[in-house]
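This briefing covers the structure displayed below. Topics are grouped so that each can be read against the coordinates.

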Amino acid sequence: MQTKRAMILVSNDPESIRLGADDLVKSLNDALAAYELQDEVDVSTIGDVGRADILPLVIVYPEATVYGPVKAGDARYLVEEHLYKGRVATDLLAPPKQLSGHIGWLRTRKGYNPAEQRVVLERAGRIDPDDIEDYIAHSGYEALGKAVTEMTPMQVIETVEKSGLQGRGGAGFPAGRKWRFVRGAEGDKKYVICNADESEPGTFKDRVVMEGDPHQVLEALAIAAYAIGADEGFIYIRGEYGVAYQRLEKAIRQAEEFGFLGNNIFGTDFNFHLHIHAGAGAYVCGEETALIESLEGKRGEPRTRPPYPTTNGLWNKPTLVNNVETLSNVPAILRNGPEWYKAIGTPSSPGTKVYTIMGNINFSGVIEVPMGITLREVINIYAKGMKPGSTFKMAQTGGASGSIIPAALQDTPMDFESFRKAGVSLGSGALLICDQNVCIVDLVKVLLQFFRFESCGKCTPCRIGTQRSYEIVERITQGQGQLEELDKLLEMAAEMERASNCGLGQTASAPVRDMLKHFRTEVEAHIRLGICPTGVCPMVVEEEAAPA
Amino acid sequence: MTAPSTERDIPALVRAAIEKHGAKRDALIPILSEVNLALGYIPGEAFKEVRKQLHDPTEGVFVAESQLHALASFYDMLATKPRGEHVIKFCENAPCHVVGGKAVWDTLREKLSLKNGETTPDGKWTLVTTSCIGLCSVGPVVLVDEDLYGNVTPEQIGDILGRYE
Ligand SMILES: Cc1cc2nc3c(=O)[nH]c(=O)nc-3n(C[C@H](O)[C@H](O)[C@H](O)COP(=O)(O)O)c2cc1C
Ligand code: SF4
Ligand code: FES
């Protein structure tokens with residue numbers, strides 16, 4: 001790295017590859033060779049940087065000039081202008097306005113001033129994820145070194161507790177407290193697991209974190225292992241995430257070579273061995289006990305709790321399970337201190353949240369913003385507003401088990417506490433923004449299709465409830481709905497919430513409840529008047545109306 | 001990408017997978033995934049082989065074939081029936097649905113004359129739905145074998161399918 005004078009990064013997420021990123025890399029190398037610059041300039045790749053509008057995207061360092069979209073045919077011009085002649089290739093510049101709006105920060109709200117820095121995505125898109133030295137050059141493994149050489153495990157736990165970091169996998173459970181539980185659990189052998197199963201529809205933040213900065217996940221896991229007293233850990237990553245898997249696998253090898261993983265880390269007697277395990281396609285395996293079953297080579301059916309993984313986890317040993325994003329906050333917290341972290345976000349929900357935003361908006365992608373900003377701000381600032389002709393009707397948060405948020409709640413601060421008070425859920429951080437043309441019944445049908453497909457079938461309320469609810473809602477879209485069945489839906493919702501074994505069954509009814517709470521008139525129009533106000537539902541029985 | 005199983009040496013394939021992932025109970029899913037990747041599905045013979053080769057009293061690994069079947073049936077990425085030469089996966093979740101997924105799905109079904117889960121009589125295409133694959137910012141999303149297509153419109157379907165002729 002040091003001997004090179006510049007580096008070219010090319011986005012190589014699947015969409016960029018589809019648009020010719022591979023050819024572009026080849027052409028860039030050819031062009032560098034043509035100008036005899038190949039020894040001075042490196043070409044490398046970065047994961048999804050969240051800029052779907054300008055792919056394939058090219059960033060040239062050290063100036064960090066962003067170009068996009070760049071075609072293979074532009075490579076020679078770019079190399080000649082920027083690297084040979086040393087000036088900006090203006091024709092290819094990415095629109096700068098849009099860039100500053102992407103992974104951005106909101107300044108002063110309510111009196112505190114989140115500094116102009118990202119936490120989880122601090123390096124993503126700015127470093128070469130395949131190069132451990134680049135990570136180290138950007139404060140990488142500093143926090144691990146500090147932890148194992150200067151701090152006791154309890155001090156690490158106390159620091160995480162003080163920071164107020166809450167779990168980003170959906171439930172918002174205080175991370176430090178969970179670490180303390182596992183530290184205190186009886187047993188010599190303990191495990192840490194990184195939950196990278198990310199399968200909530202609409203959620204791909206963890207993928208961006210892992211693809212953009214894999215070493216940060218590794219460093220955090222090693223710190224967690226040190227804190228709780230584990231010498232072995234697993235990353236359970238969903239089977240579809242091929243690029244992230246390869247990046248992590250490579251990162252693990254590099255970290256082992258550099259002595260950040262393995263035996264005697266930083267010359268101490270702390271040992272930590274990390275493995276990566278790919279899932280095979282089952283949403284429920286994101287639930288922590290199902291994940292553990294799956295890791296053990298079984299069907300991923302959630303266990304009955306208690307006992308919890310903190311005492312009886314993998315191979316019945318005390319196990320810490322944390323989400324990718326939760327963990328990725330830890331190195332920065334250790335480096336900068338808990339007070340620094342608490343200054344970001346809101347008092348009850350410190351830090352940032354990574355969201356994936358999509359739907360009928362102008363910009364879709366990934367953003368990292370302080371906890372506590374509102375949905376309206378996200379739409380107006382980061383999503384660049386609703387699509388032309390679209391007006392906001394509702395948003396669906398947190399994947400399928402999230403809430404449906406009506407316009408009235410657009411100004412509720414998005415943090416765990418405010419959302420809990422408003423009776424909605426932040427979930428996994430997906431924000432699906434829907435306009436006036438989206439039919440609530442059709443949307444809920446699609447959400448229920450997901451649940452009935454993904455229910456593992458272990459317990460009856462969930463297995464039957466998701467199926468029956470789907471059928472009732474489908475009949476409404478076919479013009480066959482009955483008013484009494486709406487009560488039936490609510491009865492089933494209550495039963496599923498009460499008697500289901502895991503979070504899937506317990507939250508599968510949320511869309512139904514939200515539909516009847518906020519959009520009952522629209523539902524009843526389907527039933528009483530036989531019309532779908534948005535014109536989306538067929539209102540007749542179609543031949544294969546539902547994918548089986 | 002999917003080859004008929006007879007063309008492959010299944011015992012050798014299973015042996016290689018076990019060597020790579022270890023003869024352990026917790027390696028079952030990676031082993032089956034490996035077979036699935038190589039053959040496009042897991043034929044009955046492969047289940048037999050896995051059971052046979054894993055039968056190791058010293059390691060204490062005993063798996064019944066029915067257990068292996070139960071395992072494979074649980075995970076969407078593991079197929080137990082042969083699939084077409086090309087497998088088309090359509091994301092059916094809400095984010096893709098809201099930005100026009102339904103029309104894409106209808107076009108796919110029409111063009112191929114297939115219902116969900118079916119294979120064309122000539123064995124060329126299999127059409128299935130899938131849950132979100134994390135590319136929602138470029139929805140609607142269609143996956144053909146390993147190739148990803150984002151921002152798909154009904155008009156593009158003919159063109160996309162044409163690439164595999
Ligand atoms: C059906 C279901 C699916 C889940 N999927 C995920 C997931 O994909 N990723 C994740 O981190 N947590 C998921 N969770 C939450 C986990 O069970 C667990 O709470 C989380 O990994 C804890 O990490 P955290 O404390 O860092 O948030 C899921 C829960 C349920 C009930
Ligand atoms: S609630 Fe649903 S997903 Fe969870 S264990 Fe029961 S059947 Fe399986
Ligand atoms: S919802 Fe279709 S890829 Fe995520």
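A residue is called buried under 20% relative accessible area, exposed over 50% and partly exposed in between, with a 1.4 Å probe and protein chains only. By that rule, 55% of the 165 residues of chain B count as buried. The model is predicted: local features need pLDDT of at least 70, side-chain atom pairs count only at pLDDT 80 or more, and totals for chains, interfaces and linings use all residues. Residues are numbered from 1 along each chain as its sequence is written, chains are lettered from A and ligands numbered from 1 in the order in which they are written, and side-chain values use heavy atoms, with hydrogens and water left out.

**Confidence**

- The model scores ipTM 0.90 and pTM 0.83.
- pLDDT is the predictor's confidence in each residue, from 0 to 100; its mean over chain B is 89, and 92% of the residues of chain B reach 70 or more.
- Residues 1–5 of chain B have pLDDT below 50, and this stretch has 15 contacts in the model beyond near neighbours in sequence, a contact being heavy atoms within 4.5 Å.
- Where pLDDT is low, the predicted coordinates should not be read in detail.

**Chain B overall**

- Chain B holds six helices and four strands; helices (H or I, at least four residues) and strands (E, at least two) are DSSP runs, numbered from the N terminus.
- The order of these elements along the sequence of chain B is α-α-α-α-β-α-β-β-β-α.
- The C-alpha trace of chain B spans about 60 × 30 × 25 Å along its principal axes.
- Of the contacts in chain B between residues at least 6 apart in sequence, 61% join residues at least 24 apart.

**Domains of chain A**

- Chain A is assigned domain 1 (6–108), domain 2 (132–339), domain 3 (344–435) and domain 4 (440–529), with bounds that come from an automatic or database domain assignment.
- Between the C-alpha centres of domain 2 and domain 3 of chain A the distance is 27 Å.
- The contact between them takes 18 residues from domain 2 of chain A and 21 residues from domain 3 of chain A.

**Strands β5 and β6 of chain A**

- In a regular strand the side chains alternate between the two faces of the sheet.
- Strand β5(A) (residues 191–196) has six of its six residues buried, so it is largely enclosed by the rest of the structure.
- On one side of β5(A) lie A:Tyr191, A:Ile193 and A:Asn195, on the other A:Val192, A:Cys194 and A:Ala196, and all are buried.
- Strand β6(A) (residues 232–237) likewise has six of six residues buried, so it is largely enclosed by the rest of the structure.
- A:Glu232, A:Phe234 and A:Tyr236 point one way from β6(A), while A:Gly233, A:Ile235 and A:Ile237 point the other way.

**Strand pairing in chain A**

- Two strands pair if DSSP finds at least two bridges between them; β5(A) and β6(A) run parallel and are joined by six.
- Across that pair, A:Phe234 is the bridge partner of A:Ile193, and A:Val192 stands opposite A:Gly233.
- β5(A) also runs parallel to β8(A), with five bridges, and A:Val192 has A:Leu320 as its partner there.
- Six bridges join β6(A) to the parallel strand β7(A) (residues 273–278), where A:His273 is the partner of A:Glu232.
- From β6(A) the chain crosses through helix α11(A) (residues 242–258) to β7(A) in a right-handed β-α-β crossover; right-handed means that, with the strands pointing away from the viewer, the path from the first strand over the helix to the second runs clockwise.

**Cysteines**

- With a disulfide taken as a pair of cysteine sulfur atoms within 2.5 Å, the count over all chains is zero.
- The sulfur of A:Cys285 is 9.1 Å from the closest cysteine sulfur, in A:Cys456, which is too far for a bond.
- A:Cys285 is buried at a relative accessible area of 1%, and B:Cys136 is also buried, at 5%.

**A:Trp315**

- A:Trp315 sits in the loop between α12 (288–295) and β8 (319–323) of chain A.
- Its relative accessibility is 35%, so A:Trp315 counts as partly exposed.
- Leaving out residues up to four places away in sequence, A:Trp315 touches A:Tyr191, A:Glu296 and B:Asp26.
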